[in-house]
Amino acid sequence: MIKYLQQYIDDPWTLRLIRKFLTSGVLDHGLFAKSEKGTPQGGPLSPILANIYLNELDKELTRRGHHFVRYADDCNIYVKSQRAGERVMRSITQFLEKRLKVKVNPDKTKVGSPLRLKFLGFSLGVDHNGAYARPAKQSQQRVKKALRLLTKRNRGISLTRMFEEIHRKMRGWLQYYSIGKLTDFIQRLDKWLRARIRQYIWKQWKKLKTKVTNL
C-alpha cells in the first residue's frame, strides 16, 4: 500500500502518518490486536485508501468497456449474460489477486441477476418505466426491527420521547434511501407502526375506566 501511495504522494510526513494508521492496531471486544495487513475496518481513512488503491481496478474495467459501480471495496460489474458474468468474475479476480495483490473473498463474490443482488443497502426493481432503485429486503427488515425495539410495550417511556426516537431513526434512514422508490414500503411501514403505537398506548391505559374514558 505505501509503495503504491508513493506514486501519488511525495510528502514524507503524510506517508508516515498513513503508515502509523495502518500499523496502529485495533480494539476487538476491548482487546488490542496488532494490524498485520490491510486497513483497520471502520476507520475513517480506510475508504479513502481503498479508493486510491482500487483506482487501478476502475481503469481496467473502463479499458475493457464494462459498466460498473464501486464504493470503496464493494463493486458491481454489469454484463449481458450469466456466462459473461462468470468469465468476467474469473478474469477480474485474477487481475485483483495477481496485479493488485488483493485477496478476493469467494463467499462475497458471486454472479447473479441485478434484481436479486444488493448494493450498499439497495436492490433494483423493474416496472413499465424501466429500472429503479429501492431499499433491499434486508434493509427493510433492519429498520423494521429497530422500530419494533423502539415501540416495545414494556419500555415505560412517554409518547413524546418515543416519537422523538422514531423521528431520529427514520430521518436518517429516509435521507439515505430517498433516491430509491419508497412509496409502497413506507405505506406498509406506516400502517404497521401506527398499530404498534396504538398497542403501546393501550398498555399505558392500565385501568379499564381509563380505557373507556379515552375511547
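What does the secondary structure of the protein chain come to? In this predicted model, the count is nine helices and six strands. The protein chain has 215 residues, and buried residues make up 30% of them. Among contacts between residues at least 6 apart in sequence, 44% join residues at least 24 apart.

Aromatic pairing was examined next. The count comes to five aromatic pairs. Phenylalanine 122 and tyrosine 177 form one that is tilted, at 4.9 Å centre to centre and with 55° between the planes. This pair links distant parts of the chain. Phenylalanine 122 belongs to strand β5, while tyrosine 177 belongs to helix α7, residues 159–177. The two are 55 residues apart. Both partners are buried. Tyrosine 177 also pairs with tyrosine 176, their ring centres being 4.7 Å apart. The planes of these two rings stand at 85°, over the 60° cut-off, so the pair is edge-to-face. Ring pairs extend to a cluster of Phe122, Trp173, Tyr176, Tyr177 and Phe185.

Together with Tyr71 and Leu120, Tyr176 forms a nonpolar surface patch. The accessible area of the three residues together is about 300 Å². Leucine 120 is placed in the loop between α5 (82–99) and β5 (122–127). Its relative accessibility is 31%, so leucine 120 counts as partly exposed.

The loop between α5 and β5 also holds lysine 101. Most residues other than glycine have a negative phi. Lysine 101 is not a glycine, yet has a positive phi of about 60°. Alanine 72 likewise shows a positive value, with phi near 55°. Alanine 72 sits in the loop between β3 (67–71) and β4 (74–78). Are these two residues buried or exposed? Alanine 72 has 10% relative accessibility and so counts as buried. Lysine 101 has 66% and so counts as exposed.

A search of the whole structure finds eight salt bridges. Helix α4, residues 55–64, holds glutamate 56 and lysine 59. These two form a salt bridge, their closest N and O atoms being 3.6 Å apart. Why are they separated by about one helical turn? They are three residues apart in helix α4, which accounts for that separation. Glutamate 56 counts as buried because its relative accessibility is 18%, under the 20% limit. Lysine 59, at 45%, counts as partly exposed.

Helix α4 also carries arginine 64 and glutamate 60. Their side chains meet in a salt bridge, at 2.9 Å from N to O. Being four residues apart in the helix, arginine 64 and glutamate 60 are also separated by about one helical turn. Glutamate 60 has 11% relative accessibility and so counts as buried. Arginine 64 has a relative accessible area of 29% and is therefore partly exposed. A network of salt bridges links Glu60, Arg63 and Arg64.

A further salt bridge joins lysine 181 to aspartate 127, with 3.3 Å between the closest N and O atoms. This pair links distant parts of the chain, 54 residues apart. Lysine 181 lies in the loop between α7 and α8 (183–204), whereas aspartate 127 lies in strand β5. With a relative accessible area of 40%, lysine 181 is partly exposed. Aspartate 127 is also partly exposed, at 26%. Lysine 181 makes an additional approach to an aromatic ring. Lysine 181 lies over the face of tyrosine 132, at 4.5 Å from the ring centre.

One runs from phenylalanine 122 in the strand to tyrosine 177 in helix α7. Another runs from aspartate 127 in the strand to lysine 181 in the loop between α7 and α8.

Technical notes
Residues numbered from 1 in each chain as written. Predicted model: local features only at pLDDT ≥ 70, side-chain atom pairs only at ≥ 80, totals over all residues. Heavy atoms only, no water. Patch = residues over 30% accessible without salt bridge, like charges linked within 9 Å, V, L, I, M, F, W, Y side chains within 5 Å. Areas by Shrake-Rupley, 256 points an atom, 1.4 Å probe, with all protein chains shown as cover. Salt bridge = Lys/Arg side-chain N within 4 Å of Asp/Glu carboxyl O. Buried < 20%, exposed > 50% of the residue type's maximum accessible area, 1.4 Å probe, protein only. Contact = heavy atoms within 4.5 Å. Phe/Tyr/Trp six-rings, centres within 6.5 Å; stacked < 30°, edge-to-face > 60°. Lys NZ or Arg CZ within 6 Å of the ring centre and 35° of its normal.
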